[in-house]
Amino acid sequence: MADTVYLNGEYLPLADAKVSVLDRGFLFGDGVYEVIPVYRGRLFRFEDHIARLDNSLRAIRLELSKSADEWRAIFEPMLDSGKDQYIYLQITRGYAPKRDHGFPEHVVPTVFAMCNEIKPFAGRISGVKAVTLDDTRWQLCHVKATALLAHVLLRQEALDQDCAEAILARNGYVTEGAASNLFAVIDDQLITPPKTNEILPGITRDVILELAEAHQIPCREDVIALEALENASEIWVTSSTREIVPVVELDGRIVGDGEPGPVFQKMDRLFQAYKQSLA
Ligand code: PDD
C-alpha cells in the first residue's frame, strides 16, 4: 500500500489523509477517477489518461483544469523508478456543509492521489473463467465515475461463480467487462465493441487497436452479439492493471481449445514490447 498519498495540495502518510463525511464523493459518489500505470517510473500513455480525465470532469460538470504537466508534478514525488506501479487519482465535487442533491454554490473539489505497486495478474498467463451477466449499469458508462456500485455487484457476482470477470450484455450484444474492455477473435478477425456511451474508452484498448493496425492483425470495431461469442476462438478482457487477459472458459463452456490462443500470444508479446519501449 502507498505510504505517502496526495490530498488537496499536501503529501501525507496514508493514515493521516482524511476527508469530511459531508464530502460529496462519500455522500453521492459525486466524482470521477483515473487509474494510470507507471512502468519503472514512467507514466504510461499519460496524455491519453489526462484527456479521458478531462472528458469525465466535463461530463459531470466539475470545473477543475490542470495541464498534464501539473498532474505529472503532483504524481512524481510518489513514483519509484525501480517498480511497476499505478496512480489512482480521484476528484470529487468536494465538501458542502449541507447534504443536497443539487450542486453547492461555492465548493472546492477534493483531489486525492495514491500510488500502489502493480502486482502481475496470474490470469494473464493461465487464462481466466468469465460469466456473462446483464449490463445493469447507467447510460454514461464512458464517464469514469466513482459511483461504481453496479460494477462492484457485477464483479462480485462473477467472483461468487468462481470467475475472474463478468462480461456484460445489453439488448443482446456485449458491451465490456465489469472493470475491463472486451475483445473477441471471430472468423480470424479481432473485434471490439465501438466507443459509445455504453463502454469506458479504455486506454489499453486503444493501444491494442494501434498495435493490431501496425502489425497487420485483422481487426475491427464492431457490435458483437452475445450469441456470437459462442463462435469466438478467443475472448480477452483488457485493463490498465491486468493488461490483456485471455478468457478460456465462458459460462462453463470452453473458449477455443481452452488455452490462451495464438492471437493473444502475439498481441501480449507486442504489448509487452511496447511497454518496454516506453519505459
Ligand atoms: N478499470 N471498462 C471499465 C468499466 C473499467 O473499469 C476499466 C478499467 C476498463 C479498461 O480501461 P483502461 O484500459 O483504461 O484501464 C474498461 C480500472 C482499471 C479500475 O477501475 O480499477
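L7 has F112 as its bridge partner in β6, and the strands concerned, β1 (residues 4-7) and β6 (residues 110-117), pair in the antiparallel sense over 2 bridges, where pairing requires that DSSP finds at least two bridges between two strands. The model is predicted, so that local features need pLDDT of at least 70 and side-chain atom pairs count only at pLDDT 80 or more, while totals for chains, interfaces and linings use all residues. Residues are numbered from 1 along each chain as its sequence is written, and side-chain values use heavy atoms, with hydrogens and water left out.

**Sheet and helix**
- Helices (H or I, at least four residues) and strands (E, at least two) are DSSP runs, numbered from the N terminus.

**The loop residue L140**
- L140 sits in the loop between β7 (128-134) and α5 (149-160), and is partly exposed at a relative accessible area of 36%, given that buried means under 20%, exposed over 50% and partly exposed in between (1.4 Å probe, protein chains only).
- Although L140 and E198 are 58 residues apart along the chain, their C-alpha atoms are separated by 6.6 Å.

**Cysteines**
- C141 is buried at a relative accessible area of 4%, whereas C219 is partly exposed at 24%.
- The structure holds 0 disulfides, a disulfide being a pair of cysteine sulfur atoms within 2.5 Å.
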